[in-house]
Amino acid sequence: MADFEVPELKEYPVIPLIQEGSMAHSKPYVAKPEHQKSVGYPGELLDNWQEVAINKMGELVKGSRALQVFLDTCVKCGACTDKCHYFLGTADPKNMPVARQDLFRAVYRRYFTFAGKFFPKLVGAVDLTKEVLDQWYSYFHQCSQCRRCSVFCPYGIDTAEISMAAREILDSVGVGQKYCNEILGKVHVIGNNLGLPKRALVDTMEGLEEDIKDETGLDVRVPVDQKGADVLLITPSADFFAEPHIDGLIGYAKVFHQAGISWTVSSYASEAANFSMFIGSNDNLKKAAMRIRDAAYDLGVKRIVVGECGHAWRVAYSFWNTLIGPMDFLDKQYPMPSHIVEVTHDLIKRGALKIDKEANDHRRITFHDSCNVARGSRMGNIPGGQFILPREVIKSCANHFFDMAPETIHENTFCCGGGGGLLTDDLMELRIKGAAPRMQALKQVVDEHGVDTFVAICAICKTQFAKSLPYYDYSMDMITSLHQIVGDSLILGPTE
Amino acid sequence: MALDVAGKSVETDEEGYLANRDEWDNDIAKAIAVAEGIDMSDSHWEVVNFLREYYEEYQIAPAVRVLTKAIGKKLGKEKGNSKYLYELFPYGPAKQACKIAGLPKPTGCV
């Protein structure tokens with residue numbers, strides 16, 4: 001099945017012996033000139049790339065106190081070394097978070113610290129050579145920016161910030177990553193990652209309405225560009241396109257239908273994902289997010305609800321206000337933004353939805369916390385709401401729920417292995433190996449509790465698991481959208 | 001990258017997707033299928049032809065639901081599901097079938 005060795009799942013997790021350079025060959029395809037230009041970067045490696053890169057690094061360090069502190073404070077305590085799923089899955093010591101940071105830190109020291117300028121060898125400072133740049137390209141595309149290491153770092157050093165900075169410098173000198181930049185270019189022109197034009201979107205949604213009618217006998221709407229709707233739903237375009245995502249979309253439609261909430265998706269802003277975060281580009285982040293603001297304004301909605309997408313929720317929850325806010329035209333009685341899980345949770349708690357839990361009795365369920373939801377945001381108005389709400393929704397809709405080991409859930413959650421702009425076929429070895437820690441934790445609940453349903457609230461996680469589960473001898477059908485669980489248990493029809 | 005089809009060189013991208021979809025013909029489809037380890041049956045052709053028709057009209061490959069429904073209508077209801085499509089195209093109907101149909105790779109979180 002694979003032309004690389006798939007990590008073996010043991011009886012309990014084992015930290016691997018290091019294998020120097022075992023992933024040095026891993027790197028994603030480089031963006032073509034047209035992809036680079038579509039996101040505002042030079043088409044190919046600049047002649048004076050070194051000068052541009054160092055200037056860019058100076059600009060980033062000056063512009064972000066956090067980045068500078070992360071670069072200055074590491075004391076090499078080693079707490080992070082065995083926390084990265086890519087290290088655990090590949091055994092390459094450069095995938096230890098501290099070693100990944102040091103690829104960047106060594107260059108920072110050389111050009112921006114007194115000791116590094118005059119005594120580089122004493123402080124491990126290195127020149128930014130082409131070899132170093134190539135190493136950056138390889139190993140900063142072996143970080144999914146999941147931030148698990150930062151939870152264990154006594155100083156809170158966030159490798160994701162360093163990885164984003166490194167990728168922005170790479171982009172600035174003309175060496176971007178094809179997967180992210182091609183997709184972002186499509187968002188800027190067409191409005192979604194897939195490049196799904198309006199006609200195809202409308203056709204797909206009409207087909208879905210037919211499917212729901214066949215299943216339920218009811219006219220559940222999946223509207224596009226409906227002016228005056230209360231809710232604008234912003235969801236990953238994978239929800240329109242792929243399985244198991246689409247069953248989640250059907251679940252949202254059923255919830256809105258049963259609650260009597262009018263809603264719409266927008267063909268102009270038909271994407272929740274904003275890959276600009278992965279490449280560390282604030283300009284692109286703002287440009288992509290602005291489509292959502294414009295769509296909400298044009299459609300005259302009262303509120304914006306975000307569907308099951310991990311990093312989109314971080315962007316919405318943590319960055320929208322400063323990027324595209326305040327959105328005074330929205331109705332202030334609703335939280336801004338709202339997550340679809342918050343909407344469903346609130347409706348269930350208020351008794352506005354009738355649920356038949358037994359409809360999910362054939363399932364034994366566990367839940368995967370997505371990194372960007374777990375460590376980059378919150379839900380509801382309670383601390384830890386991002387962990388509590390999804391689980392309460394599942395438990396309200398199903399009788400058999402089992403959590404994975406505590407060191408692998410909540411803020412300790414392991415990345416699916418495909419986050420941070422790495423969900424591309426050219427990184428399959430990294431993705432499959434990086435899934436190992438999550439698969440190890442899954443194995444435990446499968447063995448002990450017969451879990452057969454693996455629920456996630458992120459399109460990247462869903463696609464990554466559909467791909468990686470079979471490598472570990474599990475069925476790809478295990479991965480399920482949270483709102484499929486909801487939709488399957490929801491009693492539709494007239495309320496008393 | 002290039003693919004050799006009956007002595008003619010056909011340009012593809014680094015992942016083997018056709019660079020110019022207007023160049024596509026049955027021989028090229030067969031050559032890509034061989035490289036993917038797929039033996040093209042009538043059912044495979046039904047999928048590939050539907051993808052091309054849909055792309056012609058909508059400028060994008062169909063969503064999985066649209067595809068399964070169309071195949072169900074053409075080949076019988078029991079075949080209108082993604083399990084059947086995965087049997088035909090083990091790497092995933094969207095990506096592998098698009099590649100054989102000479103269409104661009106679907107991008108995004110899919």
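Two residues are in contact here if their C-beta atoms, placed from the backbone, lie within 7 Å. Keep that in mind, as contacts come up throughout. The model is predicted.

Start with two helices of chain A. In α3(A), the residues A66(A), L67(A) and F70(A) meet E161(A), I162(A) and A165(A) of α9(A). Five of the residues in this contact are nonpolar, none is polar and one is charged. How do the two helices lie? Helix α3 covers residues 65–73 of chain A, and helix α9 covers residues 159–172. Their axes come within 10 Å and cross at roughly 110°. Angles of 65 to 115 degrees count as roughly perpendicular. Therefore α3(A) and α9(A) are roughly perpendicular to each other.

Domain 1 of chain A puts 14 residues into the contact, and domain 2 of chain A puts in eleven. Which elements give two or more residues to the side of domain 1 that touches domain 2? They are α1 (33–38) and α9 of chain A. Helix α9(A) gives the most, with five residues.

Next come the sheets. Strands of a sheet pair through backbone hydrogen bonds, either parallel or antiparallel. Chain A has an open sheet of four strands, in the order β2-β1-β3-β4, and the pairing is parallel. The edges are held by β2 (263–264) and β4 (338–339) of chain A. Each has a single partner strand, so one side of each is left without a neighbour in the sheet. Strand β1 of chain A spans residues 231–234 and is joined to β2(A) by two bridges. These two strands run parallel. Which residue of β2(A) is the bridge partner of V231(A)? It is W263(A).

A second open sheet in chain A has three strands, ordered β5-β6-β7, again with parallel pairing. Here β5 (365–367) and β7 (479–481) of chain A are the edge strands, and each pairs on one side only. From one strand to the next, the twist averages 40°. Three bridges join β5(A) to strand β6 of chain A, residues 453–456, and the two run parallel. I365(A) stands opposite T453(A) of β6(A).

Helix α14 of chain A, residues 282–299, lies across β1, β2 and β3 (303–306) of chain A. Its direction is at about 155° to β1(A).

Two packed helices are described by the angle between their axes and the distance between the axes. Apply this to α14(A) and its partners. One partner is helix α10 of chain A, residues 178–189. The axes of α10(A) and α14(A) come within 9 Å and cross at roughly 40°. They are therefore oblique to each other. Their crossing is left-handed. On α10(A), the contact is made by L184(A), V187(A) and H188(A). On α14(A), the residues are N284(A), K287(A) and A288(A). Three residues of this contact are nonpolar, two are polar and one is charged.

Another partner is helix α15 of chain A, residues 310–324. Its axis comes within 10 Å of that of α14(A), and the two cross at roughly 90°. That makes α14(A) roughly perpendicular to α15(A). From α14(A), the residues L285(A), K286(A), A289(A), M290(A) and R293(A) take part. They meet V315(A), F319(A), W320(A), L323(A) and I324(A) of α15(A). Eight residues of this contact are nonpolar, none is polar and two are charged.

Finally, turn to chain B. How many residues of chain B are in contact with chain A? There are 17, and they touch 30 residues of chain A. On the chain B side, helix α3 of chain B, residues 64–75, supplies the largest share, four residues. By class, this side of chain B has nine nonpolar, four polar and four charged residues.

Key. Residues numbered from 1 in each chain as written. Chains lettered and ligands numbered in written order. Predicted model: local features only at pLDDT ≥ 70, side-chain atom pairs only at ≥ 80, totals over all residues. Pairing = 2+ DSSP bridges. Axes fitted to C-alpha atoms, helices over the stretch in contact; angles between N-to-C directions. Nonpolar A, V, L, I, M, F, W, Y, C, P; charged D, E, K, R; others polar. Parallel < 35°, antiparallel > 145°, perpendicular 65-115°, else oblique. Left-handed = near helix turned anticlockwise from the far one by under 90°.
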